[in-house]
Amino acid sequence: MDSNQIRMEDEDNVPRRAVDPSTRVAHDPHDDEHQGAVVMPIYQNSLFTFSTYEEFDRAMTGNGDIPVYSRGHNPTVQQLEVRLAALQGGEKARCFASGMAAISTAIMAHVRSGDHVICVNQAYGPTRELLSVFLTQYGVETTFVDGTSMDAFQAAVRSNTRVMYLESPTTQTFRLQDLRACAELARSIGAVTIIDNTWATPCYQNPFEFGIDLVLHSISKYIGGHSDIIGGVLIGSEETISRINRSEYLLLGGVMTPHSASLTMRGLRTLPLRMEKLEQNGLTVARHLEQLPFVRKVNHPGLASHPQHELAKQQMHGSSSLFSFETDLPPEEMKAWAGRLGYFRIGVSWGGYESLVTVGRSVPGYESIQGSIVRLYIGLEHPQVLIEDIMQASHGLDI
Ligand SMILES: Cc1ncc(COP(=O)(O)O)c(C=O)c1O
């Protein structure tokens, strides 16, 4: 299904029709279920009680969807899950306390001692640490591969490979994986594909279209959108999410709070609108940076100069506003440059309204970077103001 064609229905008695994401978030089929309240009330409680033991037994023995205790189900969190599953084009979603809780749960649900994982070598740092340090304690081995090369994926395959973990694009050098080819390879060896889709958001990439099994997002980024929530979501088939729900979800306990779910639903209302503006702002600033003498290269999949731009156009419907540039200037000089910026704050996250900057030396699997790699998150400020800010900070550079 095209990700711009979002299923409107969630129940059988509602006619199925396809709408675009902006209409989907403004008119959710569940909006009218709470006595006309335009914002769903927050069920700020841990416990749900029953007036008869029969009802209690039914809740305890059912498929787990009747709220009993908020570590299992909470109606506010459930409502967000229904909305996120529909927006991403998946069957079912579960929300978590953080993106990392979603990532660790997704991986741990698919490996046992003696199993092998293939992971993109530029995946988010803590994801790599989970695989290269934490899970090795439990007998799970990982091979990290250059995600731009299908030969590298193929060469890493072992008879015990159970998971192929993807992040496309990656969030330091913004390299893509060929999602269709990865899904086909994984299927041929009986492995499950998991993708971190945080950069593209449900608005700009639907990995299910290419046969990927599980899609996850850090809600702390674009979906939340206001730098006030830590959360994660895992989306997949009814069967897979229900199985994870019965074991890892309940046992590891990294659940989202109802208050975070409510804030996320607020953020969701403007996600397509924000993404449209952020995409324009990001491309405007990235194109300007390409012209500057101290910038060796801009890593942004939406630019024609990106080595995988054609693949980006095939797999994504748009681009977001986190990208990096490389320069021969040393990190010390670029850190001073970052300090001179007036509208970019120095900080690690992204996806909110505010522009951000960080400076690094190199990233794993990409050791050829000389000088510095500067990551910029372009927020909702006027792009011309950000460009002027970059220009005034650049006057002091030794070029
Ligand atoms: C690409 C990516 N995935 C996952 C995460 C983890 O999300 P969280 O911080 O919500 O645990 C992050 C956090 O920065 C990230 O950048």
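## Loop, ligand site and helix

Aspartate 115 is found in the loop between α4 and β4 (116-120). The model is a predicted one. Aspartate 115 counts as buried because its relative accessibility is 10%, and the cut-off for buried is under 20%. A polar atom of the aspartate 115 side chain lies 2.8 Å from the backbone nitrogen of arginine 112.

Helix α4 (residues 99-108) also bears on the ligand: with 3 residues, it gives the most to the shell around the ligand. In total, 13 residues surround the ligand. The closest are Gly99, Met100, Asp196, Ser220 and Lys221.

| Residue | Protein atom | Distance to a ligand oxygen atom |
|---|---|---|
| Methionine 100 | backbone N or O | 2.8 Å |
| Serine 218 | side-chain N or O | 2.9 Å |
| Tyrosine 124 | polar side-chain atom | 3.4 Å |

Taken alone, the ligand exposes 380 Å², and the protein buries 90% of that area. The space that the ligand takes is the second largest pocket.

Helix α11 (residues 271-290) has 20 residues, so at 1.5 Å a residue it should span 28 Å. The C-alpha atoms at its ends are 28 Å apart, which agrees with that expectation.

Methods. Residues numbered from 1 in each chain as written. Predicted model: local features only at pLDDT ≥ 70, side-chain atom pairs only at ≥ 80, totals over all residues. Heavy atoms only, no water. Helix = DSSP H or I, 4+ residues; strand = E, 2+ residues; numbered from the N terminus. Expected span 1.5 Å × (residues − 1). Near = heavy atom within 4 Å. Polar contact = N/O pair within 3.5 Å; in protein donor to acceptor, adjacent residues only side chain to side chain. Areas by Shrake-Rupley, 256 points an atom, 1.4 Å probe, with all protein chains shown as cover. 1 Å grid on protein atoms, 1.4 Å probe; cavity = no way out; pocket = protein on both sides within 12 Å on 5 of 7 lines; lining within 4 Å. Sits in = over half its atoms within 2 Å of the grid points. Buried < 20%, exposed > 50% of the residue type's maximum accessible area, 1.4 Å probe, protein only.
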